Amino acid sequence: MPRSRRPGRVRGSLLAPALLALALLAPALLGAAPGGSGETISLSGNGPGQRLDVTLTQVVDPAAPAGPEPAGSDRLVAARFRLENTGTAVYQDSPAPAAHLLDSAGQRYTGDDVPTTAGPAFPETVTLDPGGTAEGFIAFRLPADADPAAVQFALNTGLADDVGQWSLPLP
C-alpha cells in the first residue's frame, strides 16, 4: 500500500535550496534584466522618462567600517555601483535602499548608508540630470557566516518593477 503525504508539507532538507532558487530566480521571473557579474544593466523606473544604466563594478568583502563599528552586525560587505541617467527625467533617489544582497541561503539584506574604508559611499540622495553619472559604495550588514550570492538594484528606492541582478563573486 503506497504511503500518502500530507498536502502542502515540504521536507526540511528541500526547503532551503528551493528558497535559494526562488530568491535568485525571482527577478528573472518578474521581468528583471538577466545581468551577469559586472555587466551594465539598463533599468526603468516607475515614472515617465526614468531610466538608468547600472553597473556593479566592485565588491569588497569584508569591508571595514569608516568609524565606530556598526551595532548588531557581524560583518559589512560593500558594493560599488556606477549609475548613468540614460532617461529623459531627472533621477533623484536614495541608492542604499534600492540595493539588496542575497546570500546562498536565500536571505535578503537591504543596502545601508554605513561608510566603509572600501571607498566613498553614495550620498543619502543622488540627483542626476539626463546624461549625468555617479559612483559610490553601498554597504550591507550581514552575519559573518553568510555567503553572498547576488546583488540586486532597482530604481524608486528599490520599488520599481525592473530589477537588475549580478551574480557573485565578480570575475
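User: On what basis are residues numbered, and which pLDDT do side-chain atom pairs need to count?
Analyst: Residues are numbered from 1 along each chain as its sequence is written, and side-chain values use heavy atoms, with hydrogens and water left out. In this predicted model, totals for chains, interfaces and linings use all residues, whereas local features need pLDDT of at least 70 and side-chain atom pairs count only at pLDDT 80 or more.

User: Which strands are the edge strands of the open sheet of four strands?
Analyst: Two strands pair if DSSP finds at least two bridges between them. The open sheet has the order β1-β2-β3-β8, with antiparallel pairing. Each edge strand pairs on one side only, and these strands are β1 (40-44) and β8 (133-142).

User: Which residue in β3 stands opposite Q58?
Analyst: Strand β2 (residues 51-60) runs antiparallel to strand β3 (residues 75-85), and eight bridges join them. The residue of β3 opposite Q58 is R80.

User: Why does the pair of F81 and F153 tie together parts that are apart in sequence?
Analyst: Rings of Phe, Tyr and Trp (its six-membered ring) pair if their centres lie within 6.5 Å; planes under 30 degrees apart count as stacked, over 60 as edge-to-face and the rest as tilted. F81 and F153 form a tilted pair, 5.3 Å centre to centre with 45 degrees between the planes. Because F81 lies in strand β3 and F153 in strand β9 (residues 148-154), the pair ties together parts whose separation in sequence is 72 residues.

User: Is F81 buried or exposed?
Analyst: The relative accessible area of F81 is 0%, and F153 also has a value of 0%. F81 is therefore buried.

User: Why is the pair of F81 and W166 given its class, and what is that class?
Analyst: The ring centres of F81 and W166 are 5.8 Å apart and their planes stand at 70 degrees, so the pair counts as edge-to-face. The pair links distant parts of the chain, since F81 is in strand β3 and W166 in strand β10 (residues 163-167), 85 residues apart. With F153, these residues form one aromatic cluster. The class of the F81 and W166 pair is edge-to-face.

User: Which residues of β5 point the other way from A99, L101 and D103?
Analyst: In a regular strand the side chains alternate between the two faces of the sheet. In strand β5 (residues 99-103), five of five residues are buried. A99, L101 and D103 point one way, and those pointing the other way are H100 and L102.

User: Which residue takes a positive phi in the hairpin of β5 and β6?
Analyst: Strand β5 runs antiparallel to strand β6 (residues 108-110), joined by three bridges, and L102 stands opposite R108. The hairpin has four residues between the strands, and the residue with a positive phi near 90 degrees is G106.

Note on methods
Helix = DSSP H or I, 4+ residues; strand = E, 2+ residues; numbered from the N terminus. Buried < 20%, exposed > 50% of the residue type's maximum accessible area, 1.4 Å probe, protein only.
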